[in-house]
Amino acid sequence: MTAPDLEVHEQPRVESEVGPLRTVLLHRPGDELKRLTPRNNDQLLFDSIPWVDRAQEEHDAFAETLKSRDVEVLLLVDALVDALGDERAHAAAADTAVDRRRVGHELADALSSHLSSMSAAALADVLMAGMTFEELPAAEGASLVRKMHHPHDFVVDPLPNLLFTRDSSVWIGNRVAIASLALPARNRETALLDLIYAYHPRFRSAGRAYGAHSAPVEGGDVLLLAPGVLAIGVGDRTSPAGAESLARSVFADGLAHTVLAVPIAQDRATMHLDTVCTMVDRDAVVMYPAVRDTLVAYPLQPDDAKGVRVDGPVPFLEAAASAMGIDRLRVIDTGLDPVTAEREQWDDGNNTLAVAPGVVVAYERNVETNARLEEAGIEVLRIRGSELGTGRGGPRCMSCPIVRAQL
């Protein structure tokens, strides 16, 4: 990227969930999904084996939907290759891909040397799609580790969950929070985002709001309800320590005046806060009705004496409205009856991406939820997601907003 290109881009800044979306980071599904088998899909956090070609078609349509609304779409692979053009990033990437404890020092040195010799594009492919022992040249590392592994075992694990760019990083104001992902299958994702934000020319000056080596926080649990107001889900993926650490960080940087820590059920269907609730307008959320009256929040605010004051628990909807300075939040329920609501919650009916106030992208299959959104005056941009959803994620999960216009 040349210097003149840098001048035409808006500086990264996100202060809300619904401000007009200007720039977003997506990851088009690639060869990493072709690594999924019935033997490893559970370990790699997929419920079934996706049809990759169809998943790519669906993702391309998703990207085109955003572009049709004047959203700049950055693809993670392009950003990663650009970052790896820096020799320091290339060396760091080759090092982070090698798990020395698992492969041993001899093979680790050989693997690191092999990766270091690759072009930026080839290295990016390995970082995302992984590498099997069979694919590592035979001359590299004739060790016991290699002899005792099946040729199709991974010497570098694939990252099929890269598709869900919301989880691995989130912009809060003009700073980026690099997530600390809870599950081993996703640990290396944050290393790639770290490289992009550290070495890509477009992001070199960006400050950090959180680091990947801190207590667990995932981006799907972080909702920017309004300028200065964050909600952080605490459950399967984000720990209480992570929520408090992020709160302290945004308070110290003046990025928020209130953080709502919101306990959520710790199960597969509700892995993140954005699986049960997302914002669709300045004062409106789409929410799974089973949690509407039971969801609570612990309000956190900066305190000169204690650092952070913790109150509650109080009803989430009341706490959110109070922190946002509005009378109440409008709530649009998922589905018309408990069975439909449960089905459409599982199919990411709550996981919408706002491209502007009152305009959201949603999976077309959630017919009842989309109808209720439209009845409430929300414009719904429907996309297909039969294959994209096999990893349990909707349009919000698949997008990391980098620039949103102020409300």
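1. Ground rules. This is a predicted model, in which local features need pLDDT of at least 70, side-chain atom pairs count only at pLDDT 80 or more, and totals for chains, interfaces and linings use all residues. Residues are numbered from 1 along each chain as its sequence is written, and side-chain values use heavy atoms, with hydrogens and water left out.

2. The chain as a whole. The protein chain holds 14 helices and 20 strands; helices (H or I, at least four residues) and strands (E, at least two) are DSSP runs, numbered from the N terminus. Of its 407 residues, 58% are buried, where buried means under 20% relative accessible area, exposed over 50%, and partly exposed in between (1.4 Å probe, protein chains only). Take the contacts (heavy atoms within 4.5 Å) between residues at least 6 apart in sequence: 72% of them join residues at least 24 apart.

3. Strand β5 (residues 169–172) is joined to strand β6 (residues 175–178) by 4 bridges, and the two run antiparallel; two strands pair if DSSP finds at least two bridges between them. They form a hairpin with 2 residues between them, and Gly-173 in the turn has a positive phi of about 65°. In a regular strand the side chains alternate between the two faces of the sheet. Both faces of β5 are covered here: Ser-169 and Trp-171 are buried on one side, Val-170 and Ile-172 on the other.

4. An enclosed strand. Strand β10 (residues 258–263) has 5 of its 6 residues buried, so it is largely enclosed by the rest of the structure. Its parallel partner is strand β9 (residues 229–234), joined to it by 6 bridges. Within this pair, Thr-258 in β10 has Val-229 opposite.

5. β11 pairs with strand β12 (residues 284–287) in the antiparallel sense over 4 bridges, and Cys-277 has Met-287 in β12 as its bridge partner.

6. Two backbone spots to look at. The peptide bond from Gly-312 to Pro-313 is cis, with omega near 10°, and Pro-313 is found in the loop between β14 (307–310) and β15 (314–315). Asp-70, in the loop between α2 (52–67) and β2 (72–75), has a phi near 65°, a positive value in a residue other than glycine. Asp-70 is exposed, with a relative accessible area of 66%.
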